[in-house]
Amino acid sequence: MAIRKSNKLPQTAVLKQIVKRCSSLGRKQHDYDEQGLPLDVPKGHFVVYVGENRSRYIVPISYLTRPEFQSLLQQAEEEFGFNHEMGLTIPCEEEVFQSLTSMLG
């Protein structure tokens, strides 16, 4: 039985890419510091957009290690991919996202 290598990036590399992309989102709407990070996003957090209205949420980076949140990220990758200029969009209703994040927090 041969072991097949996956074409996917290791999970840590994917998470780093997500955080890097999220730190540069929304430049038109928010102020940024000298490092290019949004001033309204505390250290250790990142931005996602949720629902039909693309409401902006600031969530802790620690959520990236939670299986429940990783499931949402996989759905986002399948539906939208991560190579677009519209920010990291989570494909679920806002109420569902709020319920999930309240359980994680």
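Two strands are said to pair if DSSP finds at least two bridges between them. Helices (H or I, at least four residues) and strands (E, at least two) are DSSP runs, numbered from the N terminus. The model is predicted, so local features need pLDDT of at least 70 and side-chain atom pairs count only at pLDDT 80 or more, while totals for chains, interfaces and linings use all residues. Residues are numbered from 1 along each chain as its sequence is written, and side-chain values use heavy atoms, with hydrogens and water left out.

S1 and S2 form a hairpin with four residues between them. Gly51, in the turn, has a positive phi of about 80 degrees. The two strands S1 and S2 pair in the antiparallel sense over six bridges, and Val48 stands opposite Tyr57 in S2. S1 also pairs with S3, in the parallel sense and over two bridges; here Val50 stands opposite Ile90 in S3. Five of the six residues of S1 are buried (under 20% relative accessible area, with a 1.4 Å probe and protein chains only), so S1 is largely enclosed by the rest of the structure.

A nonpolar core is a set of buried Ala, Val, Leu, Ile, Met, Phe, Trp, Tyr and Cys residues joined through side-chain atoms within 4.5 Å. The largest such core has 17 residues, and those with the most contacts inside it are Val48, Phe69, Ile90 and Phe97. Two or more residues each come from strand S1 (45–50), strand S2 (55–60), helix H2 (67–79) and helix H3 (94–104). Not counting residues up to four places away in sequence, Phe97 touches (heavy atoms within 4.5 Å) Val48, Val50, Tyr57, Val59, Phe69, Leu72, Ile90 and Cys92.

Axes are lines fitted to C-alpha atoms, for helices over the stretch in contact, and angles run from 0 to 180 degrees between N-to-C directions. H2 and H3 pack at an angle of about 150 degrees, with their axes 10 Å apart. H2 and H3 are therefore roughly antiparallel to each other (an angle over 145 degrees). In this packing, Glu68, Phe69 and Leu72 in H2 meet Phe97, Leu100 and Leu104 in H3.

Conventions: Buried < 20%, exposed > 50% of the residue type's maximum accessible area, 1.4 Å probe, protein only. Parallel < 35°, antiparallel > 145°, perpendicular 65-115°, else oblique.
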